[in-house]
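Please look through the sequence and the model below before reading on. The paragraphs that follow take up charged side chains and then the ligand with its surroundings.

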Amino acid sequence: MRVLVTGASKGIGREILRQLHSERYRVVGIARSAPLDLADGEEFHTCDLTDHDATRALLKELLAEGDFYGLVNNAAIYPAAALENTRFDDVRDAVELHLITPLLCAQELIPGMRAHGAGRIVNLSSRAALGKTHRSAYSASKAGVIGLSRTWALELAPANITVNAIAPGPIDTASFLAASPPEHPDTRALVATIPVQRMGHPEEIAHAVSFLLHPRAGFITGQTLHIDGGLTATTAGR
Ligand SMILES: NC(=O)c1ccc[n+]([C@@H]2O[C@H](COP(=O)([O-])OP(=O)(O)OC[C@H]3O[C@@H](n4cnc5c(N)ncnc54)[C@H](OP(=O)(O)O)[C@@H]3O)[C@@H](O)[C@H]2O)c1
C-alpha cells in the first residue's frame, strides 16, 4: 500500500517515512530538500509544496505510477511573533503550507482512494491550535487543520476514507530544539508542566500515524489525537 508523506526530510516526517517503510508500506516522501540517509525503497522527491504548479505536476507524475492508499500532511513552518508584530505575509505563508497544500494534495489523491474503495488521511495539527503566545499565524493555521480534518472526514466517510488530525505537544525535533534549547529556563519550565515530565519523540508521533493508517482503523475518523504527555489534560485536571 502506497503512502505519501509531506515534509519528510527531517524531524517527525522523516521518522514517519522510516517507520512506515519498516512496516512494508510503499512510502513516498516530499520536501524541499532530501534526507541523506534514505534506505533502499524509501522514495523521495524534492519540491516546494507552496508552488502549486510544481506540486500538482509532481503528484500527477507519481499518480501515473499508481494510486495512494494514504496521505500524511506533515510539512510545516514556524512563524513566531507577538500579535502586534505579526506580519500578514506570515499568516498567508502558514495558511498556504498548512491548509492549501494539504487541500491540493488531497484533491489530487482522493480520486485514486475512491477508486480503490479505501483511503487514509492524517493531518498534523499542534497543541498550539488551542492557543500559544507569539504564534498567531501558526496556531490559527493549525486550528484550521482540525476544522479541515473534521469536514473532510464527514465528506469522505461514505467512500471509506478516514481523516484524522494529530496534535503533538513538544517533540524533540531539531526545529523544536533550535527554538527551545533544552537547557533554556523557558524550555525547562515548559517540560515541568508536562505530566510525563519529558518531551515527546518523533517515533511516538510516527507510531500514532501508523495506527491511524492501519486498515483496522477504519472506524476512527474526524478525530484529533493529542499526543502531548498529558499536557492538554492538565487544563481540566489542575
Ligand atoms: N516538533 C514539535 O514539537 C511539534 C509540535 C506540534 C506540532 N508539530 C507538527 O508536526 C509536524 C512536523 O514537525 P517537525 O518538528 O518535525 O518539523 P520540521 O523538523 O521543521 O520539519 C518540517 C518539514 O516540512 C518541510 N517543509 C517546510 N516547508 C516546506 C515547503 N515549502 N515545501 C516542502 N516541504 C516543506 C521541511 O523540509 P524542507 O525544509 O527540506 O523543505 C521538513 O521536512 C509539523 O506539521 C508541525 O507543525 C510539531
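A salt bridge is taken here to be a side-chain nitrogen of Lys or Arg within 4 Å of a carboxyl oxygen of Asp or Glu. In this predicted model, that rule gives a count of 11 salt bridges. One of them pairs Glu108 with Arg56, whose closest N and O atoms are 3.4 Å apart. Because Glu108 belongs to helix H3 (residues 88-116) and Arg56 to helix H2 (residues 52-64), this pair ties together parts that are 52 residues apart in sequence.

Where does the ligand sit? The ligand is found in the largest pocket, and the elements that contribute two or more residues to the shell around the ligand are helix H1 (11-22), helix H4 (136-156) and helix H5 (174-179). In total, 31 residues surround the ligand, with Ser9, Ser33, Tyr78, Tyr138 and Ser175 being the closest.

Individual atoms of the ligand can then be followed to their protein partners. The side chain of Ser33 places an N or O atom 2.5 Å from an oxygen atom of the ligand, while a nitrogen atom of the ligand has a polar side-chain atom of Asp48 at 2.9 Å. As for the surface of the ligand, the protein covers 95% of the 890 Å² of accessible area that the ligand has on its own.

Notes:
Residues numbered from 1 in each chain as written. Predicted model: local features only at pLDDT ≥ 70, side-chain atom pairs only at ≥ 80, totals over all residues. Heavy atoms only, no water. Near = heavy atom within 4 Å. Polar contact = N/O pair within 3.5 Å; in protein donor to acceptor, adjacent residues only side chain to side chain. Areas by Shrake-Rupley, 256 points an atom, 1.4 Å probe, with all protein chains shown as cover. 1 Å grid on protein atoms, 1.4 Å probe; cavity = no way out; pocket = protein on both sides within 12 Å on 5 of 7 lines; lining within 4 Å. Sits in = over half its atoms within 2 Å of the grid points. Helix = DSSP H or I, 4+ residues; strand = E, 2+ residues; numbered from the N terminus.
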